[in-house]
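Trainee: I would like to go through the terms used for this model and hear what each one rests on.
Mentor: Then ask about them one at a time.

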Amino acid sequence: MKINIYNKVKNISNNISINAYAHITKQKKILPFYHSVTNTPKAHLKHLNFYRTEDAFKNDMTFFLNHYRSVPIKEIKKSDDMVFHLSFDDGLSEVYDIIIPLLKDKKTNASFFINTDFIDNKNMFCRHRISLIIDSIKKSNYNLNKITDFLSCENNFIYKKIDELTSEVEIKKIERLLKIDIKQYLNDFKPYLTKKQLLEIKKMGFTIGNHSKNHPNFKDISLVEQKEQILKVDAYLKEELSVKDLYFSFPFGDENIKNEFFEFIYTYEKIIYSFGISGLKIDEYCNHLHRIPMEYDRFSAKQIIKFEYFYFILKSILNKNKIKRKTAINTSSCGTTQKF
């Protein structure tokens, strides 16, 4: 939907300067986020568009550094000038091989949100497995025919149907049908970071944060399960990586998450900031910050950020630039406790 709007208003949105946008919206802090940076995406990433090419990412960084100041995660809300903080989800191996060297070269701060089930390549995120399935049928008409028969679906709609799979049982059945060996793939390609690499990344001064245990959609699991996901990862961060300050980014976003969960992570777990993926938006929970997705291969960082500002202005006219939550609580890191 956003891309459709962008195509209609890009001539208008691009004509306003970044400084003017920041002044009009009073939004001087931006939080761009990514999953991976690579010129040669492997099969588990190739069909998801969860990556940016190296040149595109370098250009993004140049844009950010020309207009904003890079700050550590703890300082996001402490500065009144134009600042940015980069973050990366899912703990993919390109973080260590490609992203970290680029960040160090530009002296840029960043946070990396990890899923503990995938560390050391013990398991694989369901969306990455879906990309493997798509890769398998794109390479083989025989596999394509097997899947269309299995799912009772016409060839024209098969990729859409596979992309929408959420059932673990169904995904495993398809993997067996296509003879996709997840363990072998993990062993051969090592798509995720190792504990050793995470310790090195932390030692370099980057932040390691919580992205849940195995990347479920939080709106589809119970509050008890949500809490368990947080507790297990926080325990790993503290015990295995000696992390002291806790941060959390929602897998799949924060849509329909109950207030009880936010109150749990801030008051019980003492999480400093949590992060959504709604672009440039204000949240009634002042500890909950929204990041800007950057993996649109047709658009530059300048275009994406300018549109986010423009979209924020459009939303504000309709009073929709602020995410409203029932009886949201401002926690201690915001000062006094308030209710909205």
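Trainee: What share of the contacts in the chain with a separation of 6 or more comes from residues 24 or more positions apart?
Mentor: This is a predicted model, and in it such residues account for 72% of those contacts.

Trainee: What makes the radius of gyration agree with that of a compact globule?
Mentor: For 340 residues a compact globule would have a value near 20 Å, and the chain has 20 Å, so the two agree. The C-alpha trace spans about 60 × 50 × 45 Å along its principal axes.

Trainee: How many helices and strands are there, and what percentage of the residues count as buried?
Mentor: The chain has 14 helices and 13 strands. Of its 340 residues, 53% count as buried.

Trainee: Why are the buried residues of helix 2 said to line one face?
Mentor: The buried residues of helix 2, residues 18-25, are Ile18, Tyr21, Ala22 and Thr25. Viewed down the helix axis they fall within an arc of 95°, and therefore they line one face. Asn19 and His23 are exposed on the other side of helix 2. After helix 2 comes lysine 26, with a positive phi near 60°.

Trainee: Why is the contact between arginine 52 and aspartate 60 called a salt bridge?
Mentor: The cut-off is 4 Å between a side-chain nitrogen of Lys or Arg and a carboxyl oxygen of Asp or Glu. The closest N and O atoms of arginine 52 and aspartate 60 are 2.9 Å apart, so the pair meets the cut-off. As a rule, side chains of opposite charge can pair when their charged atoms come close.

Trainee: How do you know whether arginine 52 and aspartate 60 are buried or exposed?
Mentor: Buried means under 20% relative accessible area. Arginine 52 has 2%, so it is buried. Aspartate 60 has 1% and therefore counts as buried.

Trainee: Which parts of the chain does the pair of arginine 129 and glutamate 168 link?
Mentor: Their side chains meet in a salt bridge, 2.8 Å from N to O. The pair links distant parts of the chain, with arginine 129 in helix 6 (residues 126-138) and glutamate 168 in helix 9 (residues 168-178), 39 residues apart. Arginine 129 is buried, because its relative accessible area is 6%. Glutamate 168 has 36% and so is partly exposed. Arg129, Glu168 and Glu175 are linked in a network of salt bridges.

Trainee: Why are glutamate 228 and lysine 232 said to be separated by about one helical turn?
Mentor: They are four residues apart in helix 12 (residues 223-240), which means a separation of about one helical turn.

Trainee: How many salt bridges does a search of the whole structure find?
Mentor: The search finds 13 salt bridges.

Trainee: What makes isoleucine 317 count as exposed?
Mentor: Exposed means over 50% relative accessible area. Isoleucine 317 is at 64%, so it counts as exposed. This residue lies in helix 14 (residues 301-317). With Leu314 and Leu318, Ile317 forms a nonpolar surface patch, the three having about 310 Å² of accessible area together.

Notes. Residues are numbered from 1 along each chain as its sequence is written. This is a predicted model: local features need pLDDT of at least 70, side-chain atom pairs count only at pLDDT 80 or more; totals for chains, interfaces and linings use all residues. Side-chain values use heavy atoms; hydrogens and water are left out. Buried means under 20% relative accessible area, exposed over 50%, partly exposed in between (1.4 Å probe, protein chains only). Helices (H or I, at least four residues) and strands (E, at least two) are DSSP runs, numbered from the N terminus. The arc is that of the directions from the helix axis to the C-beta atoms. Patches are made of residues with over 30% relative accessible area and no salt bridge: like charges are joined within 9 Å, nonpolar side chains (Val, Leu, Ile, Met, Phe, Trp, Tyr) within 5 Å. Accessible areas come from the Shrake-Rupley method with a 1.4 Å probe; for residues, only the protein chains shown count as cover. The radius of gyration is taken over C-alpha atoms; the globule rule is 2.2 Å times the number of residues to the power 0.38. Contact means heavy atoms within 4.5 Å.
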